[in-house]
Amino acid sequence: MMSVKNWPLWEIFVRSKNGLEHRHCGSLHAADADMALENARDVYTRRNEGVSIWVVESKHITASNPENNGELFEPAQDKVYRHPTFYDLPDEVKHM
Amino acid sequence: MSEDQIKSLEKEFEARIARDEKIEPKDWMPEKYRETHIRQMSQHAHSEIVGMLPEGNWITRAPSLRRKVALLAKVQDEAGHGLYLYSATETLGASREELYDQLHTGKAKYSSIFNYPTLTWADMGAIGWLVDGAAIINQVPLCNTSYGPYARAMIRVCKEESFHQRQGFEIMLKLANGTEEQKEMAQDALNRWWWPSLMMLGPTDDKSVHTAQSMKWKLKRKTNDELRQQFIDQTVPQADLIGLTIPDPALKWNEERGSYDFGEIDWDEFWQVVKGHGPMNKERMKARVGAWERGEWVRDAAMAYAEKAQNRKEKQAV
Ligand SMILES: [Fe+2]
Ligand SMILES: [Fe+2]
């Protein structure tokens, strides 16, 4: 039997300890945000993997399309001058 | 897209995998890759879910609180494994409802090992030791598989599996060192679970249809026969250590191969169970479908409550 209305999908982000960022660890289904938090606690932090959880309904995430990776990311590829190694300095210069 | 375009995309796709690059959900992929992954990953998820049933059967009858909390945690982990894997499968565009539906209507398969009954407490030991042991051998290579979400789920699963196997072996160890009856119980469980565990690693290489393609996509890194040999070679010394006898008179160390030779596997039995004629196939499906149906009103009520709360919030905002 299928329910009239299925529980929506939520993306789960967990901060493993203070000082670190939240990281995406998977998704789950829940009726609302509170339930998503509780389910995330049981599914993704059974062994102290987290001190903080974010849940976001999957439909609210906008993702870039890999087909556009050229336009999006290639412009950064030829900008070597954004890296410290681009600059020629004499070996005698210290702490730079 | 023209056929030539697809051909060249496919070539580039295979090259990426050969270079050990990962494929992520929104990347272009051949339809066959998507289908094969949905099938394998969802079967894997179903196995974790149905796999809870034979052990769940013993939670209330665990012989001590220590054993009970361990078994409960183990079974809960298997639920978690099922959920990681369903969630990874959904990234390929299959919905959870459709996956459940395939399981509940018998369209999708799950590991046939779970169609055997758990008759005594020693079966909890044998399952953790042998069934989770064989599962680990199957799963470790998948931590490196080409599909990113699957590989990540498997890393999580593998981290959790080793406790499963150790708790099972500890049960066997305790029984094997116990009274005469306890030792017999352990031996009986080993006798019943040994051969199905060997079958769990899949048909022999000459009968296995998917191997070549699966190797290319890193859904498989070793053949079924190689995995089976690895399982036997690592398990026999463990049985020796606790004084139990592997129920195979043909089992013998082969000095030349540096491996154990072993007896004929009853593949007729395997195919009978796969086709639905195992001792517990009907029972497992009945339990699973029953749980799903009895939970329907709860799912509906949770949804109705969520909608009501949402409406209330919106009204207040006006
Ligand atoms: Fe598992
Ligand atoms: Fe397990």
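A residue is taken as buried when its relative accessible area is under 20%, and in this predicted model E78(B), at a relative accessible area of 6%, is therefore buried. The same cut-off places E161(B) among the buried residues, because its relative accessibility is 2%. Since E78(B) lies in helix α4 (residues 65–90) of chain B and E161(B) in helix α7 (residues 148–176) of chain B, the pair ties together parts that are 83 residues apart in sequence.

A search of the whole structure finds 16 aromatic pairs over all chains. One of them is formed by F13(B) and W28(B), an edge-to-face pair with 6.2 Å from centre to centre and 85° between the planes. This pair links distant parts of the chain, with F13(B) in helix α1 (residues 3–18) of chain B and W28(B) in the loop between α1 and α2 (31–50) of chain B, 15 residues apart. F13(B) is buried, with a relative accessible area of 1%, whereas W28(B) is partly exposed, with a relative accessible area of 26%. In the pair of W129(B) and F169(B), the ring centres are 5.4 Å apart and the planes stand at 65°, so this pair is edge-to-face. Here too distant parts of the chain are linked, as W129(B) lies in helix α6 (residues 122–139) of chain B and F169(B) in helix α7 of chain B, 40 residues apart. W129(B) counts as buried, at 1% relative accessibility. Ring pairs also link F13(B), W28(B), Y33(B), Y147(B) and W217(B) into a cluster.

Charged side chains likewise meet aromatic rings in chain B. The charged end of R61(B) sits over the ring of W58(B), at 3.9 Å from the centre of that ring, and R288(B) lies over the face of Y100(B), 5.4 Å from the ring centre.

In chain A, an open sheet of 3 strands has the order β2-β1-β3, and its pairing is antiparallel. The edge strands of this sheet are β2 (22–29) and β3 (52–57) of chain A, each of which pairs on one side only, and the twist from one strand to the next averages 25°. Strand β1 (residues 9–15) of chain A is joined to β3(A) by 6 bridges, the two running antiparallel, and E11(A) stands opposite V56(A) in β3(A). Helix α1 (residues 33–44) of chain A lies across β1, β2 and β3 of chain A and runs at about 110° to β2(A).

Phi of H95(A), a residue other than glycine, has a positive value near 55°; H95(A) is placed in the segment after α2 (69–73) of chain A and is exposed, with a relative accessible area of 85%. K218(B) is not a glycine either, yet has a positive phi of about 65°. The place of K218(B) is in the loop between α9 (211–216) and α10 (224–241) of chain B, where K218(B) counts as buried at 10% relative accessibility.

Methods: Residues numbered from 1 in each chain as written. Chains lettered and ligands numbered in written order. Predicted model: local features only at pLDDT ≥ 70, side-chain atom pairs only at ≥ 80, totals over all residues. Heavy atoms only, no water. Helix = DSSP H or I, 4+ residues; strand = E, 2+ residues; numbered from the N terminus. Buried < 20%, exposed > 50% of the residue type's maximum accessible area, 1.4 Å probe, protein only. Phe/Tyr/Trp six-rings, centres within 6.5 Å; stacked < 30°, edge-to-face > 60°. Lys NZ or Arg CZ within 6 Å of the ring centre and 35° of its normal. Pairing = 2+ DSSP bridges. Axes fitted to C-alpha atoms, helices over the stretch in contact; angles between N-to-C directions. Contact = heavy atoms within 4.5 Å.
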